[in-house]
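Good morning, and thank you for making time for this presentation. Please look at the sequence and the structure together as I go through them.

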Amino acid sequence: MPDNSMADLMNGRVGDHVLVNGQKNPRLAVAMGAKRRLRLYNATNARFLRLAFANAAMTVIGSDGGLLEKPEATDEILISPAERVELVVAFDRPGTASLTTLDYDRGWMGPGRPKDAGLTLLTVDVSDTPAEGVPPLPGRLRPIAPLGAATVSRRLVFTETMAMNATGMEMGFLINGKAFDMERVDIVARAGETEFWEIVNQADMDHPFHVHGTQFQVIEHERDGKISKPPFLAWKDTVNVARGETVRLKLRQERQGPRMYHCHILEHEQLGMMGIVDVQA
Ligand SMILES: [Cu+2]
């Protein structure tokens, strides 16, 4: 494997191909009218996947933390590195259906921005023999109780730094002005307490924020003064914080002990964008 280039260090290493279960554009055969439950996990290091299904209908049924309250039909989904989404895809038209990528600008720095659009990740051959006994999706999947009032508010500000040193340009990715330190506890939290976290991305590129030990509920996104709410309540442990965006969420840690929160792009985390939360009794 060649060493990371400067573009890899800045953007996170993207690689040359997107594979599905280790294969390049694998094929699946289904009968017309069949439904398939697909659990998508963006296990790439640094590739943002904005996905559509040509010739098939997608319904989101789950997120990072399991089922939603009810199925939600959608035309496209964005999954940042480490995010998951669970779909039911209906193949109602004979012919070829394919999972493809759309363009997404995550604030690529420098030259060499990969072509994100027009990749075919999975091809499905839909026969003209109708499928039999396909059950409808249930209207309700499970209840999700909203996390109640928070007793603590925290603000995490993401920034980037660039400096010249003897060997060239050096990037830094910081949270509240600090690079990660294994010996430093950044946040002390109480087990069982609901907290409000505001993740402010003042950097020039998107950062998928991930926290260990629990699942959170995104309350809202704010960008250019415009506030938007997520289309549905969901449990998540990773959320993309777009450049210039603020994401507000609620979370509760139940298990005691120290653990990490970080940007899920490996190079960003290695270059500083990580902190330690210590959960105490
Ligand atoms: Cu990042």
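Let me begin with a question: is Pro-111 buried or exposed? With a relative accessibility of 68%, Pro-111 counts as exposed, where buried means under 20% relative accessible area, exposed over 50%, and partly exposed in between, with a 1.4 Å probe and protein chains only. Pro-111 lies in the loop between β8 (95–102) and β9 (120–130). Its C-alpha atom is 7.2 Å from that of Ala-7, although 104 residues separate Pro-111 and Ala-7 along the chain.

Before I continue, a word on the basis of these values. This is a predicted model, in which local features need pLDDT of at least 70 and side-chain atom pairs count only at pLDDT 80 or more, while totals for chains, interfaces and linings use all residues. Residues are numbered from 1 along each chain as its sequence is written, and side-chain values use heavy atoms, with hydrogens and water left out.

I turn to the chain as a whole. Its secondary structure comprises 2 helices and 20 strands; these are DSSP runs numbered from the N terminus, with helices being H or I of at least four residues and strands E of at least two. The radius of gyration is 20 Å, close to the 19 Å that the globule rule gives for 281 residues, so the chain is as compact as a globular protein of that length. That radius is taken over C-alpha atoms, and the rule is 2.2 Å times the number of residues to the power 0.38. The C-alpha trace spans about 60 × 45 × 35 Å along its principal axes.

Of the 281 residues, 46% are buried. Among contacts with a separation of 6 or more, 77% are between residues 24 or more positions apart, a contact being heavy atoms within 4.5 Å. The accessible surface comes to about 13900 Å², and carbon and sulfur atoms account for 52% of that surface; the areas come from the Shrake-Rupley method with a 1.4 Å probe, and for residues only the protein chains shown count as cover.

Next, the metal site. Which residues coordinate the copper ion? The donors are His-207 (ND1), Cys-263 (SG) and His-268 (ND1), at 1.9 to 2.1 Å. Donors here are N, O and S atoms within 2.8 Å of the metal, or 3.2 Å for Na, K and Ca; water is not among the atoms, so sites may look incomplete. In sequence, the donor residues follow the spacing H-x55-C-x4-H. The pair of His-207 in strand β14 (residues 207–211) and Cys-263 in strand β19 (residues 257–263) links distant parts of the chain, 56 residues apart. His-207 is buried at a relative accessible area of 0%, and Cys-263 is likewise buried at 0%.

Glu-267 is found in helix α2 (residues 266–270). Its relative accessible area of 9% makes Glu-267 a buried residue. Between Glu-267 and Leu-9 there are 258 residues of sequence separation, yet the C-alpha distance is 5.8 Å. Leaving aside residues up to four places away in sequence, Glu-267 touches Asn-4, Asp-8, Leu-9, Gly-12, Arg-13 and Asn-45.

Ile-187, in strand β12 (residues 187–190), is buried at 6% relative accessible area. What does Ile-187 touch, not counting residues up to four places away in sequence? Its contacts are Arg-154, Leu-156, Trp-197, Tyr-261, Ile-276, Val-277 and Asp-278. Leu-49, in strand β3 (residues 49–54), is buried at 7%. With the same exclusion of residues up to four places away in sequence, Leu-49 touches Val-18, Asn-42, Ile-77, Leu-78, Ile-79 and Thr-101.

I close with the backbone. Most residues other than glycine have a negative phi. Ala-82, however, has a positive phi near 85°, and Asp-224, also not a glycine, has a positive phi of about 50°. Where are these two residues placed? Ala-82 sits in the loop between β6 (76–79) and β7 (84–91), and Asp-224 in the loop between β15 (216–223) and β16 (226–228). Ala-82 is buried, at 7% relative accessible area, whereas Asp-224 is exposed, at 70%.
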